[in-house]
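Subject: Structure handover

Hello,

Please find the structure below. My notes on it follow.

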Amino acid sequence: MLEGRNQARTSQRFFVHISSVNDPFLTEVASVENISSNGVRVATERSWEQGSQVNVKSVGRDLKVKARVVYCRAIGPNKFAVGLNII
């Protein structure tokens with residue numbers, strides 16, 4: 001978790017499609033772990049480059065945003081925690 005966080009996080013579980021803004025064929029379904037007004041933490045099966053921009057669209061919900069990858073940390077074999085800042 002990042003130090004100095006300003007927004008409270010709410011633990012939620014649902015799926016989103018993440019795709020690279022620069023390469024729309026680079027896409028993945030990820031599991032949301034928590035969410036705030038400015039960001040979301042997702043669990044993915046691939047590493048995402050810090051600073052890259054992604055499109056995030058929920059599965060079965062009305063959520064569609066553009067975000068920037070703030071961090072990507074390995075949390076297991078083929079599992080990454082990715083922090084996204086909504087822009």
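Buried residues make up 34% of the 87 residues in the protein chain, where buried means under 20% relative accessible area, exposed over 50%, and partly exposed in between (1.4 Å probe, protein chains only). This is a predicted model, in which local features need pLDDT of at least 70 and side-chain atom pairs count only at pLDDT 80 or more, while totals for chains, interfaces and linings use all residues. Residues are numbered from 1 along each chain as its sequence is written, and side-chain values use heavy atoms, with hydrogens and water left out.

Fold. The protein chain has seven strands and zero helices, and its pattern along the sequence reads β-β-β-β-β-β-β. Both kinds of element are DSSP runs numbered from the N terminus: helices are H or I with at least four residues, strands E with at least two. Of the contacts with a separation of 6 or more, 45% are between residues 24 or more positions apart; a contact means heavy atoms within 4.5 Å.

Surface. The accessible surface of the protein chain is about 5500 Å², with 48% of it belonging to carbon and sulfur atoms. Areas come from the Shrake-Rupley method with a 1.4 Å probe, and for residues only the protein chains shown count as cover. Phe 15, Val 29 and Val 59 make a nonpolar surface patch of about 270 Å². Patch residues have over 30% relative accessible area and no salt bridge; nonpolar side chains (Val, Leu, Ile, Met, Phe, Trp, Tyr) are joined within 5 Å, like charges within 9 Å. Phe 15 sits in strand S2 (residues 15-20) and is partly exposed, at 49% relative accessibility.

Salt bridge. Searching the whole structure gives one salt bridge, defined as a side-chain nitrogen of Lys or Arg within 4 Å of a carboxyl oxygen of Asp or Glu. It joins Arg 41 and Glu 33, at 2.6 Å from N to O. Arg 41 is buried at 14% relative accessible area, and Glu 33 is buried at 15%.

Cavity. There is one cavity of 30 Å³ or more, with about 50 Å³ of space in the largest cavity. Its lining includes Val 16, Val 32, Ile 35, Val 40, Val 42, Val 56, Leu 63, Val 65 and Ile 86. Strand S3 (27-35) and strand S4 (39-44) are the elements that give two or more residues to this lining. A cavity is a set of points on a 1 Å grid over the protein atoms alone where a 1.4 Å probe fits but cannot get out, and lining residues have an atom within 4 Å of a point.

Regards

Terms used: 1 Å grid on protein atoms, 1.4 Å probe; cavity = no way out; pocket = protein on both sides within 12 Å on 5 of 7 lines; lining within 4 Å. Points joined across faces, edges and corners; volume = space filled by probe spheres on them.
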